[in-house]
Amino acid sequence: MKVSIVQMAVKYKNIEKNYLNFKKLIDKAKGDVIVFPETWTTGFFPKENLEEYTDFNGKRLKEFVSRISKERNINIIAGSIINKKGDNAIFNTSFIFNRKGENIGSYSKTHLFSPMYEDKYFKKGNEIVTFLLDGILCGIIICYDIRFLELTRILALKGIEILFVVAQWPIERIEHWILLNRVRAIENQIFVVGVNACGMVENMKFGGNSIIVDPWGKVLCQLGKDEEVLTIDLNLDELKEIREKINIYRDRRPELYKKDWQEVKNEN
């Protein structure tokens with residue numbers, strides 16, 4: 001599978017410019033799957049008048065991305081957007097489109113970044129999501145989610161081969177970003193495709209360094225700090241070879257983890 005990562009310089013609060021830039025950048029992408037960063041339509045995230053920047057049930061994004069994916073016969077992981085659902089709750093939601101232009105899945109961020117008060121403005125998603133792209137089972141998480149190892153492990157146990165991570169991760173903690181993408185790949189024996197935004201949002205600089213990691217933890221590519229598009233060919237046969245050499249799924253002890261987890265719950 002060829003994957004194009006689109007490290008976009010998001011313009012804060014400027015939805016129209018960001019849509020134009022999406023179209024310009026996708027012209028440079030040559031992958032079977034094209035991946036954009038978190039909250040690419042607005043930046044992360046306008047606290048004042050937040051509702052003005054919402055997309056009701058992702059309607060505009062769905063129409064826009066569906067048309068492009070169908071016309072170009074490509075799969076698109078459309079980063080994430082500020083999504084207002086039918087009950088007026090606001091979520092940080094990613095939408096996934098196949099080559100036919102069908103919206104085959106959506107995922108709302110389950111761990112909200114409390115240091116920036118994301119939990120005060122958004123509702124938490126409650127679903128763990130997998131989807132098929134060209135017959136390959138994939139999973140998705142958003143930014144802060146990558147710090148929670150249980151979430152990725154559940155996706156791995158569901159059988160995913162590729163984990164997509166869409167983010168707006170600041171430059172000051174970029175080493176965490178790089179390390180966490182590598183660790184999640186190694187400990188779950190999966191490919192990890194991490195796509196981060198770059199540029200400034202008010203006084204915060206987002207760090208780029210989008211990264212693709214193989215199941216050994218080897219960095220297949222890592223971008224710099226500026227807007228860029230890069231395509232990498234993933235050799236999915238490596239998964240079988242790696243899991244035959246070191247079969248962590250065979251050697252797991254879930255009965256032990258369940259027992260000790262129950263003890264922890266009882267203590268707390």
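Guide: Here is a walk that begins with the sheet and moves on to the pockets, the cavity and a few details of the backbone.

A word on the ground rules comes before the tour. The model is predicted, so local features need a pLDDT of at least 70 and side-chain atom pairs count only at pLDDT 80 or more, while totals for chains, interfaces and linings use all residues. Residues are numbered from 1 along each chain as its sequence is written, and side-chain values use heavy atoms, with hydrogens and water left out.

Now to the sheet. It is open and has six strands in the order 8-9-10-11-14-15, with mixed pairing. Helices (H or I, at least four residues) and strands (E, at least two) are DSSP runs numbered from the N terminus, and two strands count as paired if DSSP finds at least two bridges between them. Strand 8 (130–133) and strand 15 (219–222) stand at the edges with a single partner strand each, so one side of each has no neighbour in the sheet. On average, neighbouring strands of this sheet are turned by 20° against each other, direction ignored. Angles here are between axes, which are lines fitted to C-alpha atoms (for helices over the stretch in contact), and they run from 0 to 180 degrees between N-to-C directions.

Look next at strand 9 (residues 136–142) and strand 10 (residues 162–167), which run parallel and are joined by five bridges.

Pockets and cavities are found on a 1 Å grid over the protein atoms alone: a cavity is a set of points where a 1.4 Å probe fits but cannot get out, a pocket is an open set with protein on both sides within 12 Å along at least five of seven lines, and lining residues have an atom within 4 Å of a point. The largest pocket has a volume of about 450 Å³, where a volume is the space filled by probe spheres set on the points, and grid points are joined across faces, edges and corners. Helix 4 gives the largest share of this lining, five residues. Among the lining residues are Leu149, Arg153, Glu187, Tyr257 and Trp261. By class, the lining has six nonpolar, one polar and five charged residues. Here Ala, Val, Leu, Ile, Met, Phe, Trp, Tyr, Cys and Pro count as nonpolar, Asp, Glu, Lys and Arg as charged, and the others, Gly among them, as polar.

The second largest pocket holds about 180 Å³ of space. Strand 7 (residues 103–108) gives the most to its lining, with three residues.

A search of the whole structure also finds one cavity of 30 Å³ or more. The largest cavity has about 130 Å³ of space, and of its 14 lining residues, Phe113, Cys143, Gln168, Pro170 and Arg173 lie nearest its centre.

Back among the strands, strand 12 (residues 198–201) and strand 13 (residues 204–207) run antiparallel, joined by four bridges. Met200 stands opposite Lys205 in strand 13. This hairpin has two residues between its strands, and Glu202 takes a positive phi near 55°.

Most residues other than glycine have a negative phi, and most peptide bonds are trans. Lys13, not a glycine, has a positive phi of about 65°, and its place is in the loop between strand 1 (2–7) and helix 1. A cis peptide bond, with omega about -20°, joins Phe44 and Phe45.
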